[in-house]
Amino acid sequence: MFDKLRNALKSFTNSIVSSIKTTELSEDKLSEVREELFMQLVEADVAVDVADAVCDAIINNLKGVKVPRFGDKESVIRNSILEALNRMFSDVPDVDFISEVTKALQVKKPVVLLFLGPNGYGKTTTIAKITHQLMKRGYTAVWAAADTYRAGAIEQLEGHANKLGVKVIKHSYGSDPAAVAYDAINHARVKGIDYVMIDTAGRMHTDVNLMNELSKVQRVSKPDLSIFIADALLGNEALDIAKYYSKYVKIDGLIITKVDAYPKGGAILTFLYELKKPIYFLGVGQGYDDLKPFNKREFFDQLLT
Ligand SMILES: Nc1nc2c(ncn2[C@@H]2O[C@H](COP(=O)(O)OP(=O)(O)O)[C@@H](O)[C@H]2O)c(=O)[nH]1
Ligand SMILES: [Mg+2]
């Protein structure tokens with residue numbers, strides 16, 4: 001995964017290692033390879049500002065590095081890059097989603113999860129995947145069909161629900177999505193169900209009516225986590241939309257979908273840097289098990305191996 005991003009860092013490491021003549025890294029050489037790294041990061045889909053910040057962090061950290069005359073130069077360089085990345089993103093928390101939401105059950109039931117994002121980004125599929133993960137562990141869920149706008153949205157949700165054996169609380173198309181969410185939460189309370197997953201509409205993101213509607217859903221349902229679903233393939237566009245959503249609704253964390261079809265990888269750095277929100281999972285396919293927990297340290301390690 002993330003081949004393009006990995007290759008950018010790999011060829012940068014190689015350029016540096018092959019340029020080392022003494023035990024110091026020359027400033028000239030570092031600024032020369034900085035350009036090369038910057039270009040490759042941008043090609044790997046890292047947003048320009050973020051690529052700049054990443055280059056600065058890596059180069060600054062390399063400046064102080066002493067390279068062993070005979071030892072493993074490459075691993076010294078790699079560790080310095082890794083350290084720079086970990087430090088640069090240290091203000092973004094890592095959250096173990098499943099353990100977080102299962103712990104939450106000890107103080108509150110049902111636990112309510114709200115899913116936000118434009119059409120086609122993978123909200124409904126991700127709801128099904130997360131439910132599957134929780135059901136495998138013995139928990140129960142009910143879904144709120146709060147996309148009452150897009151034709152077919154309720155049936156699509158019901159299609160997944162039938163496969164997984166989950167109940168869907170629905171009203172008719174055009175009805176108030178906040179009321180659907182409210183009913184689903186009540187249903188869960190009465191039946192002792194652990195989780196309520198709220199599927200929302202995602203039409204044109206600049207639609208202020210939609211934003212007000214989502215904000216109402218959030219006010220009424222008081223979700224324990226509100227999750228923005230971001231399509232990796234749409235990178236910067238998804239980022240702009242997430243920022244726009246944040247003006248109207250609180251976003252606790254992200255799930256990045258379609259990473260299986262996204263060898264560039266750079267958008268992940270962009271999301272972390274620009275939104276400073278935890279990424280709970282990466283979607284890596286269309287099947288219910290195609291959901292990988294994300295954590296930064298593992299991600300950076302993977303980029304540098
Ligand atoms: N390859 C791949 N496809 C995905 C992933 N997540 C969702 N999809 C597909 O993206 C399309 C839109 O997903 P859907 O859940 O309907 O999006 P929604 O409109 O946000 O609810 C569907 O064809 C999904 O199968 C993923 O992680 N990888
Ligand atoms: Mg949907």
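The crossing of α5 and α6 is right-handed in this predicted model. The two axes come within 11 Å and cross at roughly 65 degrees. Helix α6 also meets α7, and that crossing is right-handed too.

**Helix α5 with helix α6**

- From α5 (97–104), the contact takes F97, I98, V101 and T102.
- From α6, the contact takes I130, Q133 and L134.
- By class, five of these residues are nonpolar and two are polar.
- No charged residue takes part in the contact of α5 with α6.

**Helix α6 with helix α7**

- Helix α6 spans residues 123–136, and helix α7 spans residues 153–164.
- Their axes come within 10 Å and cross at roughly 20 degrees.
- Angles under 35 degrees count as roughly parallel, so α6 and α7 are roughly parallel to each other.
- On the α6 side, the contact is made by T124, T125, A128, T131, H132 and M135.
- On the α7 side, Q156, L157, H160 and L164 make the contact.
- The class count for α6 with α7 is four nonpolar, six polar and no charged residues.

**Helix α1 with helix α12**

- Helix α12 covers residues 296–303, while α1 covers 3–19.
- The axes of α1 and α12 come within 9 Å.
- They cross at roughly 65 degrees.
- L5, R6 and L9 of α1 meet F299, Q302 and L303 of α12.
- This contact divides into four nonpolar residues, one polar and one charged.

**Surroundings of ligand 1**

- A backbone N or O atom of G120 lies 2.6 Å from an oxygen atom of ligand 1.
- For K258, a polar backbone atom is 3.0 Å from an oxygen atom of the ligand.
- For V284, a backbone N or O atom lies 3.5 Å from an oxygen atom of ligand 1.

**Backbone features**

- P110 sits in the loop between α5 (97–104) and β1 (111–116).
- F2 belongs to the segment before α1 (3–19).

Terms used. Residues are numbered from 1 along each chain as its sequence is written. Chains are lettered from A and ligands numbered from 1 in the order in which they are written. This is a predicted model: local features need pLDDT of at least 70, side-chain atom pairs count only at pLDDT 80 or more; totals for chains, interfaces and linings use all residues. Side-chain values use heavy atoms; hydrogens and water are left out. Axes are lines fitted to C-alpha atoms, for helices over the stretch in contact, and angles run from 0 to 180 degrees between N-to-C directions. Helices (H or I, at least four residues) and strands (E, at least two) are DSSP runs, numbered from the N terminus. Angles under 35 degrees count as roughly parallel, over 145 as roughly antiparallel, 65 to 115 as roughly perpendicular and the rest as oblique. A crossing is left-handed if the near helix is turned anticlockwise from the far one by less than a right angle, and right-handed if clockwise. Contact means heavy atoms within 4.5 Å. Ala, Val, Leu, Ile, Met, Phe, Trp, Tyr, Cys and Pro count as nonpolar, Asp, Glu, Lys and Arg as charged, and the others, Gly among them, as polar. A polar contact is a pair of N or O atoms within 3.5 Å; within protein, one must be able to donate a hydrogen and the other to accept it, and residues adjacent in sequence count only if both atoms are side-chain atoms.
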